[in-house]
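Hi,

Here is the structure I said I would pass on. Have a look at it first, and then read my notes below.

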Amino acid sequence: MKHKLIIFDLDGTLLNTIGDLAAACEAMLQQRALPQHTLAEYTSFVGNGIRNLVKRSLPEEFRTDEYIDSAKADFVEYYTHNIHVHTQPYEGIPALLASLSAAGVKIAVASNKFHEGTLQLIRYFFPDINFVAIYGNREGFPLKPDAQLIEEIISLGDVAREDCVMVGDSAVDIQTAHNSHITSIGVSWGFRSREELIEAGADHIADSVEELQTLLLR
């Protein structure tokens, strides 16, 4: 089997989290009597961490560091207590992870979501899967597409670089794989378009979980 370590993005790849991310932003904006956004708009805001999501949701004149930090704190407070109201795994994902685990493949998560939220969601939705690493964004660590997070996971997985693959739904994930010199697989069911994945230079694109499983277990 080619892939011994599979590193998954979280939002838009394993879980459809957009409803709860949007709700947390909307609650923060409503609290400040600021204009709100559509669900479709939020899909273009996500992907580069919570702070950037909050920043993009704010009107331009409110995008000062102090205001963004305050808004982010309110976002995190709401989101942490309502993190899986609307969130669900994409159909077929739990079975895929179980199959990979049963086949002896090492599985990890590398997300730009804040670390505590990443842990909370993985433990809630996939409690029976043994992940070699679960990492969200931690203070003092760079966001994807910086390669540092992937390098740490590869070290923990104790596998050769050529046996690793990154799976994600956005150009950020594809660039992360490129920066880490590992294979990339884009999934088209997430928050970004298939065209974005193609333009980013994904090595492979899966349009269904079944296609992804074939790519990973071949």
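Predicted model: local features only at pLDDT ≥ 70, side-chain atom pairs only at ≥ 80, totals over all residues.

Where does Pro 145 lie? Pro 145 sits in the loop between β5 and α7 (148-157). Helices (H or I, at least four residues) and strands (E, at least two) are DSSP runs, numbered from the N terminus.

Residues are numbered from 1 along each chain as its sequence is written, and side-chain values use heavy atoms, with hydrogens and water left out.

One more backbone detail: Ala 33 has a phi near 55°, a positive value in a residue other than glycine. You will find Ala 33 in the loop between α1 (18-31) and α2 (39-45).

**Helix packing**

Start with α3 and α4, which pack at an angle of about 110° with their axes 9 Å apart. That makes α3 roughly perpendicular to α4. Axes here are lines fitted to C-alpha atoms, for helices over the stretch in contact, and angles run from 0 to 180 degrees between N-to-C directions. As for the labels, angles under 35 degrees count as roughly parallel, over 145 as roughly antiparallel, 65 to 115 as roughly perpendicular and the rest as oblique. The α3 and α4 crossing is right-handed (a crossing is right-handed if the near helix is turned clockwise from the far one by less than a right angle, and left-handed if anticlockwise). On the α3 side, Ile 50, Arg 51, Leu 53, Val 54 and Lys 55 meet a set of α4 residues that includes Asp 65, Ile 68, Lys 72 and Phe 75; contact means heavy atoms within 4.5 Å. By class, this contact has seven nonpolar, no polar and five charged residues. Ala, Val, Leu, Ile, Met, Phe, Trp, Tyr, Cys and Pro count as nonpolar, Asp, Glu, Lys and Arg as charged, and the others, Gly among them, as polar.

Helix α4 also packs against α1, at an angle of about 130° with the axes 9 Å apart. These two helices, α1 and α4, are therefore oblique to each other, and their crossing is right-handed. In α4, the residues in this contact are Ala 71, Asp 74, Phe 75, Tyr 78 and Tyr 79, and among their partners in α1 are Leu 21, Ala 24 and Met 28. The contact of α1 with α4 divides into ten nonpolar, one polar and two charged residues.

What about α5 (residues 93-102) and α10 (residues 209-217)? Their axes come within 10 Å and cross at roughly 15°, so α5 and α10 are roughly parallel to each other. Ile 93, Leu 96, Ser 99 and Leu 100 of α5 make the contact with Val 209, Leu 212, Gln 213, Leu 216 and Leu 217 of α10. Seven of these residues are nonpolar, two are polar and none is charged.

On a 1 Å grid over the protein atoms alone, a cavity is a set of points where a 1.4 Å probe fits but cannot get out, and a pocket is an open set with protein on both sides within 12 Å along at least five of seven lines; lining residues have an atom within 4 Å of a point. Grid points are joined across faces, edges and corners, and a volume is the space filled by probe spheres set on the points.

There are two cavities of 30 Å³ or more. The largest cavity has a volume of about 220 Å³, and of the 19 residues that line it, the closest to its centre are Asp 11, Val 46, Gly 47, Asn 48 and Asn 112. β4 gives the most to this lining, with three residues. The second largest cavity has a volume of about 40 Å³, and Asn 112 is one of its lining residues too.

The largest pocket has a volume of about 310 Å³. Of its 20 lining residues, the closest to the centre are Lys 72, Phe 114, Asn 137, Arg 138 and Glu 139. The largest share of that lining, four residues, comes from α6. By class, the pocket lining has five nonpolar, ten polar and five charged residues.
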